[in-house]
Each structure stands twice: as C-alpha cells, then as structure tokens.
Amino acid sequence: MSDFQRIAFEFMYWAEGISAAVSLIFYSRIKDKYWKYFVFYLIFIFLSESIGRWGGLFFEYNKQAFYNYFVIPVQFIFFYWLYAARSFGKMNLFLILSSVYLLSFIPSEFLYSENKVMFSLNYTLGCLILMILVVMEYYKQINDSDILNFDKNRMFYINLGVTLFYIGTLPFWTFLELIKQYREIFNIYFAYFLISGIIMYMLFSISFIWGKQSS
C-alpha cells in the first residue's frame, strides 16, 4: 500500500471504533428500541476488525475464511434485517433475501478457489440485494410526508453511507481479479474503498447524534 492508503486504512479502522464508541454513548436513548442492535453491530465490526489486525499474534486462524464465512455474511444479513424487517416491516422479505444470499455460498464453493480475497459470486449477489433495498429506502424517504425533516431520519445517514461504501465499491470487488492487472486503476479504486469506508462510519456516528427515530 502507498503511504496515503496506509493512512486511510488507519483512519478507517479508527472511524469504526469511533462509531462504536458514539453508539455506546447514545445507547441509553435507544436501549428500548430496535436501534440498540445497531450498537451491537458496530461493536461487532470494530472487534472483528481488531481480530483481523492482531488476532494472528495470539492464535492461529484463517483470516480470509474469518471474513468470507463470518464477518461479511453478518454484515449483509444485519442490513437485510435493518432494511427489510425493520424499515419496511417485511420479515418475510428479510428471510427470503437472507436465504438467497446464504444459498449463494454453495456454488461459490465450486466456482472459486480458497485463495481469493473475497468470493465474487456471493459478495456481488449480497451487494445487489442490498442495492435493491437501498433504492427502496430512498423511494420510501422521498415519499415520506416528513421529507423536509430528512436530516432527523437516522436511516437517511445509514442509507447514504451504505450507498457510498457497499454499492460504490461493488464493481471493485466484483472485478477485483481483472482490476488488479491495472495497478493505477486498482490504487484509485482501493483509495475510494478506504475513503468511502471512513465516510460511512462517520455517517453512522452522525445518525446517532442527529438522527431520531420513533420506533
């Protein structure tokens, strides 16, 4: 990594930590609402990234398998729940989308070797499902009678962050093996991945500070 990428990588890690800390500060306000699970999610992400960084110093484990089979699936399934089950109130939609995503691991085992940084098929499908939910959320917000107070809507910040990071980097991870052959393009897109990650977690923090949600 270049010096800029190393610095951005550090900032992204600490942005995750800050978002987890901010969520804990505001936990008392939301402890009786479903948003408390967003606090647990952010803590989970920070702890997972910490394990990814330093876990190898204390125990032996497969870092790629840790992310591909545990951390990344938890991320997708949590957001499916947040959007489909909570924001849209459609539990069946959440169950269907989660099942489709998890079933995509079966062909991935046959189509992709274990040395891939990220499994293209199920990650791409996971992001495409998330993109559909993101568009539905934008549509919901645009048609909300309280649209003028969008800055008080916690989902506005979360949806924007998810758009920039997960949807914005979808082509990067989908075509990673191809992009890696063009170093300049790879470096630019990897820098975007890091910067969008920092912005996303900043938006997550802002969602607790400025956002309000009745449910």
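**Helix packing, a chat**

Mentor: In this predicted model, the axes of H7 and H8 come within 10 Å and cross at roughly 145°.

Trainee: Which hand does the crossing of H7 and H8 have?

Mentor: The crossing of H7 and H8 is left-handed. On the H7 side, the residues making the contact include Tyr-123, Cys-127, Leu-130, Met-131 and Val-134. H8 brings, among them, Met-155, Phe-156, Leu-160, Val-162 and Ile-167.

Trainee: And how many of the residues in the contact of H7 with H8 are nonpolar, polar or charged?

Mentor: That contact has 12 nonpolar, three polar and one charged residues.

Trainee: Let's look at H4 next. At what angle do the axes of H4 and H7 cross?

Mentor: Helix H4 (residues 63-87) and helix H7 (residues 120-142) cross at roughly 25°, and their axes come within 10 Å. Angles under 35 degrees count as roughly parallel, so H4 and H7 are roughly parallel to each other. The crossing of H4 and H7 is left-handed.

Trainee: Which residues make the contact of H4 with H7?

Mentor: From H4, they include Ile-72, Phe-76, Phe-79, Tyr-80 and Tyr-83. Among those from H7 are Leu-125, Gly-126, Ile-129, Leu-133, Glu-137 and Lys-140. By class, the contact of H4 with H7 divides into 13 nonpolar, two polar and two charged residues.

Trainee: New topic: H1. How far apart are its end C-alpha atoms?

Mentor: They are 33 Å apart. Helix H1 covers residues 3-25, and at 1.5 Å a residue its 23 residues should span 33 Å, so the two values agree.

Trainee: Which residues of H1 are buried?

Mentor: Among them are Gln-5, Ala-8, Met-12, Tyr-13, Glu-16, Ser-19 and Val-22. What covers the buried residues of H1 includes helix H2 (27-30), helix H3 (36-54), helix H8 (154-167) and helix H11 (183-209).

Trainee: What about Ala-21, is it buried, partly exposed or exposed?

Mentor: Ala-21, which sits in helix H1, has a relative accessible area of 38%, so Ala-21 is partly exposed.

Trainee: You mentioned H11. Is Ser-205 buried or exposed?

Mentor: Ser-205 lies in helix H11. Its relative accessibility is 8%, and buried means under 20%, so Ser-205 counts as buried.

Trainee: Which residues is Ser-205 in contact with, leaving aside neighbours within four places in sequence?

Mentor: Ser-205 is in contact with Ile-18, Ser-19 and Val-22. Ser-19 and Val-22 are among the buried residues of H1.

Methods:
Residues numbered from 1 in each chain as written. Predicted model: local features only at pLDDT ≥ 70, side-chain atom pairs only at ≥ 80, totals over all residues. Heavy atoms only, no water. Axes fitted to C-alpha atoms, helices over the stretch in contact; angles between N-to-C directions. Helix = DSSP H or I, 4+ residues; strand = E, 2+ residues; numbered from the N terminus. Parallel < 35°, antiparallel > 145°, perpendicular 65-115°, else oblique. Left-handed = near helix turned anticlockwise from the far one by under 90°. Contact = heavy atoms within 4.5 Å. Nonpolar A, V, L, I, M, F, W, Y, C, P; charged D, E, K, R; others polar. Expected span 1.5 Å × (residues − 1). Buried < 20%, exposed > 50% of the residue type's maximum accessible area, 1.4 Å probe, protein only.
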